[in-house]
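Below is a short briefing on one protein model. Look through the sequence and the structure first, then read the points in order.

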Amino acid sequence: MERREFIAAGAIAAAGLTILPSGSLFAGVADKVRLGYIGVGARGMSHISEATLRNDVEIVAICDTQESSLKRCREFIAKKGRTAATEYTGGLDAYKKLLDRKDIDAVIIATPWQFHYPQSIDAMKAGKYVGCEVIAGLTVQEHWDIVNTSEKTGIPYMTLENVCYRRDVMATLNMVRNGVFGELLHVEGGYQHNLRDVLFTDGAKYGPEASSEAQWRTQFNIDQDGDLYPTHGAGPVMNYIDINRGNRFTSMSSFSSKARGLAAYANEVSPGSAASKLNYKNGDITQTMINCANGETVLLTHDTHLPRPYSLGFRIDGTKGIWMDVNQSIYIDHQTKQHDVWEPAKEWLDKYDHPLWKKYANDAASAGHGGMDWYVFNAFILAVKQKKQTPIDVYDSMTMSVIAPLSTKSLKEGNAVQEFPDFTRGKWKTRKNIFALDDSGF
């Protein structure tokens with residue numbers, strides 16, 4: 001058995017996953033992966049684009065409730081010279097007809113957040129690999145339901161968290177694994193991204209009259225306080241400190257600032273508009289501190305309502321040095337050129353460039369989010385194609401996603417500490433790393 005197969009087999013055995021849709025785990029490698037898409041709006045189209053660039057993927061079916069999205073997708077597929085996909089529409093349950101098909105191996109779910117949970121559950125019950133956009137569910141119980149369904153059906157679930165594959169994130173992961181930072185003590189990450197023109201379109205419109213994500217995403221900020229989008233920070237951080245694979249999150253607490261940014265922006269672009277007078281529950285900056293079984297601390301920041309340059313705020317603190325992505329700086333004790341002086345991180349990032357990026361950078365060059373989209377899509381497709389566990393599995397997916405409802409609960413309870421669920425049910429103690437160990441594509 002090849003090293004990669006051994007690692008994957010061990011991981012699936014630990015997860016309680018045995019038989020996959022096409023038979024035994026190593027029954028062979030499929031020539032093509034037959035995909036169904038549930039949701040072909042902005043994010044879904046990114047995955048459609050990735051699929052049309054591959055000869056080993058067939059877009060069998062697409063589903064959406066909006067004709068405008070289906071039309072755009074239909075025209076794009078035709079422009080790329082691909083066979084037209086069967087379309088499903090007509091209501092919120094239309095995706096179930098797509099799942100009834102026997103000629104689909106896996107589904108990509110890129111619908112609004114509130115639909116991810118039922119669609120993922122139904123897809124796993126239908127025997128389809130699930131690649132789902134963030135977040136997984138709206139409640140802690142929904143996250144447990146996804147874990148239980150994956151274990152019961154034996155079907156892998158993968159959150160399509162692309163930042164795990166960001167080039168500097170993977171280079172610093174390589175540095176962590178090579179001991180450059182020494183023993184890690186504290187790590188940070190988050191989602192610090194000015195989304196005001198995403199949450200409002202055509203001035204200060206949101207809801208049904210708006211377009212794209214403003215149709216649904218804005219309402220979450222009106223109704224809910226908390227870290228609504230934790231996975232961009234949590235996913236990479238989990239890889240740094242071996243979460244679910246020799247370590248785990250044990251408890252967390254969240255704090256949130258007052259909410260002023262969205263109302264101010266709405267009033268700026270549309271003075272006196274209804275959106276400018278709303279009482280937004282989601283604080284402009286939410287910070288979550290997490291404790292770990294092995295003694296590390298984690299700080300996650302959600303900041304999407306204010307004017308700011310994009311940054312995910314990654315930071316690694318170890319006994320031998322520190323890296324920060326905000327100013328792309330690094331300091332390694334006794335190795336940095338000047339004592340107690342930051343130096344540019346580029347030289348270190350180049351030296352420790354991850355094997356996956358060294359091998360596939362040209363393939364990913366035209367993909368979205370600086371190439372990250374190619375890597376996360378490729379990893380999912382290879383897992384389906386080879387009938388293996390996904391490199392970001394159901395336990396990893398639920399761990400990074402459940403921070404959203406937990407942070408909301410913490411804030412409702414006056415910043416109360418929340419016990420972190422152990423989705424592995426103790427298996428974290430013996431599970432081994434499988435994420436991006438080499439240049440094989442995973």
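Why is helix α7 (residues 167-177) described as largely enclosed by the rest of the structure? Nine of its eleven residues are buried, so the rest of the structure largely encloses helix α7. The model is predicted, and its mean pLDDT is 93.

**Confidence**
- Of the residues in the protein, 94% have a pLDDT of 70 or more.
- Over residues 1-27 the pLDDT stays under 50. The model has 59 contacts beyond four places in sequence for this stretch.
- Where pLDDT is low, predicted coordinates should not be read in detail.

**Helix α7**
- The buried residues of α7 are D168, V169, M170, A171, T172, L173, N174, M175 and V176.
- After α7 comes G179, which has a positive phi, near 75°.

**The largest nonpolar core**
- This core has 123 residues. Those with the most contacts inside the core are L35, Y37, Y165, Y240, I241, F249 and F380.
- Helix α14 (residues 372-385) gives the largest share of this core, with nine residues.
- F249 is in contact with M238, I241, I243, I290, N291, C292, V298, T399, I403 and F420, leaving aside neighbours within four places in sequence.

**T286 in strand β9**
- T286 is part of strand β9, which covers residues 286-292.
- Is T286 buried or exposed? The cut-off for buried is under 20% relative accessible area, and T286 counts as buried because its relative accessibility is 0%.
- The side chains of T286 and S256 are joined by a polar contact of 3.1 Å.
- Not counting residues up to four places away in sequence, the residues that T286 touches include D225, G226, D227, S254, F255, L300, T301, H302 and L411.

**Aromatic rings**
- The structure contains 16 aromatic pairs.
- One of them joins W216 and F220: the ring centres are 6.4 Å apart and the planes are at 90°, so this pair is edge-to-face. W216 and F220 are both buried.
- W374 and Y375 form an edge-to-face pair, with 4.9 Å from centre to centre and 85° between the planes. W374 and Y375 are both buried.
- R217 lies over the face of Y229, at 4.7 Å from the ring centre.

Key
Residues numbered from 1 in each chain as written. Predicted model: local features only at pLDDT ≥ 70, side-chain atom pairs only at ≥ 80, totals over all residues. Heavy atoms only, no water. Buried < 20%, exposed > 50% of the residue type's maximum accessible area, 1.4 Å probe, protein only. Helix = DSSP H or I, 4+ residues; strand = E, 2+ residues; numbered from the N terminus. pLDDT = per-residue confidence, 0-100. Contact = heavy atoms within 4.5 Å. Core = buried A, V, L, I, M, F, W, Y, C linked by side-chain atoms within 4.5 Å. Polar contact = N/O pair within 3.5 Å; in protein donor to acceptor, adjacent residues only side chain to side chain. Phe/Tyr/Trp six-rings, centres within 6.5 Å; stacked < 30°, edge-to-face > 60°. Lys NZ or Arg CZ within 6 Å of the ring centre and 35° of its normal.
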